[in-house]
Amino acid sequence: MDLGVKGRRVLVLAASKGLGKACAMAYAEEGAHVFIASRDAEQLQETAKEIFSVTYNPNIESVVCDVTNGKDIENMVEKIGRIDIVINNTGGPPAGQFADFDDSDWQQAFESLVMSVVRTVRAVTPYMKEQQFGRIVTITSSSMKQALDGLLLSNTFRPAIVGLSKSLSQELAGDNILINSVGPGTMDTERIRAVYGQEDESSMKKIGEKIPVGRIGRPDEFAKAVLFLGSAANTYITGQTLVVDGGAMKSL
Ligand code: NAP
């Protein structure tokens, strides 16, 4: 299937590691012009080199951007100019119970998980409306559908993205801008190892055995779902939520 991604300008946020990097790699493999953004310039350079070494795609550019900072987002989009496809992503919020968080923790999680998406969509949609094409995919968590133990901030703000995306899907569809959310279950990244506090392979294997497919997911498996929803081959899916979790979630 031709995904219609070749030559498209794709911005992947929080893309120097983990799921963001895997998405950037997937678009690079399809011949897109990929912009990767995160906070650490050196790490971004390394990631850009790694993506080139795997895909031989010369069109990989890095932009330093802290997605919790509105000015950074504005500057980044102004610098890039036209953007066809955006993958929203950010670092995960801290784990904890209600009593562990004060107002500033709540504010930070809101800025990171919700306002980053609001500001990015605000910045890129004028370009997308002008060209009558846009695909937006937000990386969330399976907590957008089912609460996770000890991840209160995620359980609160991920569903907010589902509501936001549904409303935006109604407003933007007439301009051929489609927006969807994809939630990882347990994919093998630095973040997930930190959340589980597990570094060694046998412990990770045990966690994987509790998942119906019998293992933890790979970031590239997650990226394939994002790639399709965030491609020109997706012409009719918008306002939807998809989890990539090997069957872990029991809710409908
Ligand atoms: P990861 O391996 O820790 O990678 C996080 C990436 O985000 C890094 O590139 C990091 O680079 C960047 N980042 C963090 N804070 C940022 C900020 N303020 N501005 C810009 N970039 C930022 O994490 P991951 O596992 O890929 O997770 C990605 C997202 O999926 C997170 O929100 C996580 O909660 C969610 N998620 C993941 C899983 C999973 O199974 N992996 C499950 C559920 C939800 P810098 O630090 O250099 O900026």
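Phe-52 is partly exposed, with a relative accessible area of 38%; partly exposed lies between buried, under 20% relative accessible area, and exposed, over 50% (1.4 Å probe, protein chains only). The structure is a predicted model, in which local features need pLDDT of at least 70 and side-chain atom pairs count only at pLDDT 80 or more, while totals for chains, interfaces and linings use all residues. Residues are numbered from 1 along each chain as its sequence is written, and side-chain values use heavy atoms, with hydrogens and water left out.

**Aromatic pairs**

- The whole structure holds 5 aromatic pairs; rings of Phe, Tyr and Trp (its six-membered ring) pair if their centres lie within 6.5 Å, and planes under 30 degrees apart count as stacked, over 60 as edge-to-face and the rest as tilted.
- One of these pairs joins Phe-52 to Tyr-56 in an edge-to-face arrangement, with 6.1 Å from centre to centre and 80° between the planes.
- Tyr-56 counts as exposed, at 63% relative accessibility.
- Phe-110 and Phe-157 form a tilted pair, because their ring centres are 6.0 Å apart and their planes stand at 50°.
- Phe-110 belongs to helix 4 (residues 103–131) and Phe-157 to helix 5 (residues 152–172), so this pair ties together parts that are 47 residues apart in sequence.
- Phe-110 is partly exposed, with a relative accessible area of 32%, whereas Phe-157 is buried at 11% relative accessibility.
- Both residues belong to one aromatic cluster, formed by Phe-98, Phe-101, Trp-106, Phe-110 and Phe-157.

**Overall fold**

- The chain has 8 helices and 7 strands; helices (H or I, at least four residues) and strands (E, at least two) are DSSP runs, numbered from the N terminus.
- The radius of gyration of the chain is 17 Å, which agrees with the value near 18 Å that a compact globule of 252 residues would have; the radius is taken over C-alpha atoms, and the globule rule is 2.2 Å times the number of residues to the power 0.38.
- The C-alpha trace spans about 45 × 40 × 35 Å along its principal axes.
- Of the 252 residues in the chain, 50% are buried.
- Among contacts (heavy atoms within 4.5 Å) between residues at least 6 apart in sequence, 75% join residues at least 24 apart.

**Surface and charge**

- The chain has an accessible surface of about 12,100 Å², and 51% of this belongs to carbon and sulfur atoms; areas come from the Shrake-Rupley method with a 1.4 Å probe, and for residues only the protein chains shown count as cover.
- The 26 positive and 31 negative charges of the chain have mean positions 5 Å apart; Lys and Arg count as positive and Asp and Glu as negative, without His and the chain ends, and each charge is placed at NZ of Lys, CZ of Arg, CG of Asp or CD of Glu.

**Positive phi values in loops**

- Gln-132, in the loop between helix 4 and strand 5 (134–139), has a phi near 55°, a positive value in a residue other than glycine.
- Gln-132 is partly exposed, with a relative accessible area of 38%.
- Asn-176, in the loop between helix 5 and strand 6 (177–184), has a positive phi near 60° and is likewise a residue other than glycine.
- Asn-176 is partly exposed, with a relative accessible area of 29%.

**Packing of helix 8**

- The buried residues in helix 8 (residues 219–229) include Pro-219, Phe-222, Ala-223, Ala-225, Val-226, Leu-227 and Leu-229.
- The buried residues of helix 8 pack against helix 1 (18–29), strand 4 (85–88), strand 5, strand 6 and strand 7 (241–244).
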